[in-house]
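Here is a short briefing on one protein and its ligand. Take a look at the fold before reading on.

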Amino acid sequence: MTADGTAAKRRSTGKAKPDSPGLELLARMLEIRGVEDEVQRMFTQGLVRGTTHLCQGQEAVAVGVCAALKEGDTMTCTYRGHGAVLAMGAQADAVFGEIMGKAKGLCGGKGGSMHLTDVAVGAYGAFAIVGAHLPITVGLAFASRYLGEDAVSVCFFGDGTTNIGAFHEALNLASLWKTPVIFVCENNLYGEYSPLRATTPIDRLADRAASYAMPGVVVDGNDVFAVIATAEQAVARARAGDGPTLIEALTYRQVGHSRSDPAKYRPAGELEEWLERDPILLLERKLIEDGVDENQIAELRGTVQQQVIDALERAKSWPEPELESRFEHVFA
Ligand SMILES: Cc1ncc(C[n+]2csc(CCOP(=O)(O)OP(=O)(O)O)c2C)c(N)n1
Ligand SMILES: [Mg+2]
């Protein structure tokens, strides 16, 4: 898969674009890394209303899968979903604003870090209940087919989620009804503080697809081009009416589970090994191999970092919600 090969099909995020598709992917991944690093700092400064679950190290999964989508496709994700929502095209200032509880945040400041939703870009919700969004995604995909549209729905979730009942119910029904879903399991080796091997009797989670008669594909989740290629196949299958795919993307969260978790439960040397395979470094190395100038990459890093800081400053300057707004958007 070359960077150029994916360009024509890529869905626009509506954000400023560098002049090559490879650099555009890098810009999206750098934006997510920059936002997450800032949110980590904001948490320690007491600026976050509620908690945080960050995705540094997993950026290539979100950016790669979303790059295989087109306008009208939909996505759901978890509390670790800042990256997925940004990859769909949500604006960084509205993400920061939501996390700080500001009125101009993505959900008017009422959802916070774990519930980033931006229907305008197809981000139909981040969910704090493990597994809750898998059946919802089957519903989104069913609606698309029922209405005669060709939109597909992507669902991001973790390795731990594959032990939840809703995972099995969703895969079963999605396959039976051939709904256009792409189930993306981000296997980051841990569910909260438990290593996968302590909770799950198999190594390859993609094997679970066999029970539901759908393809189960394992991909290097730190290689954005591999992710795009795998996601494109799953999307093509879904759009053609052939049903869902389970993708297991092998990746690693470089930070703790949530808040200020120091992740002391990780064996010595594990983080360092994965840092060697940091998805951003891998992409930069590939771009340089393909002839992109190192200075251009350094410049892009600076530009994206400045955009992230500007977005944060804007969001900080926004007002708090009006007291009256607490009764808006509530059912009872
Ligand atoms: C139904 C349910 N059970 C337990 C929890 C508590 N919990 C929050 S995150 C999490 C771990 C999920 O791990 P995984 O699916 O691997 O996702 P990751 O956090 O690694 O992205 C658990 C058990 C929850 N939110 N919902
Ligand atoms: Mg996990």
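Helix α8 covers residues 224-239, and its 16 residues should span 22 Å at 1.5 Å a residue; the end C-alpha atoms are 22 Å apart, which agrees. The expected span is 1.5 Å times one less than the number of residues. This is a predicted model: local features need pLDDT of at least 70, side-chain atom pairs count only at pLDDT 80 or more, and totals for chains, interfaces and linings use all residues. Residues are numbered from 1 along each chain as its sequence is written, while chains are lettered from A and ligands numbered from 1 in the order in which they are written.

**Around α8**
- Buried residues of α8 include V224, F225, V227 and I228; buried means 20 or more other C-beta atoms within 10 Å of the residue's own, with C-beta atoms placed from the backbone.
- Their cover includes α1 (21-44), β4 (181-187) and α10 (279-289).
- G241 follows α8 and has a positive phi, near 90 degrees.

**Ligand 1**
- The shell around ligand 1 holds 14 residues, and V130, G158, G160, T161 and G191 are the closest; a residue is near if its C-beta atom, placed from the backbone, lies within 6 Å.
- β3 (153-158) and β5 (190-191) each supply at least two residues of that shell.

**Overall fold**
- The protein has 11 helices and 8 strands, which are DSSP runs: H or I of at least four residues for helices, E of at least two for strands.
- Of its 332 residues, 49% count as buried.
- The C-alpha atoms fill a box of roughly 60 × 50 × 45 Å along the principal axes.

How values were computed: A residue is buried if 20 or more other C-beta atoms lie within 10 Å of its own, exposed if 12 or fewer, and partly exposed in between; C-beta atoms are placed from the backbone. Two residues are in contact if their C-beta atoms, placed from the backbone, lie within 7 Å.
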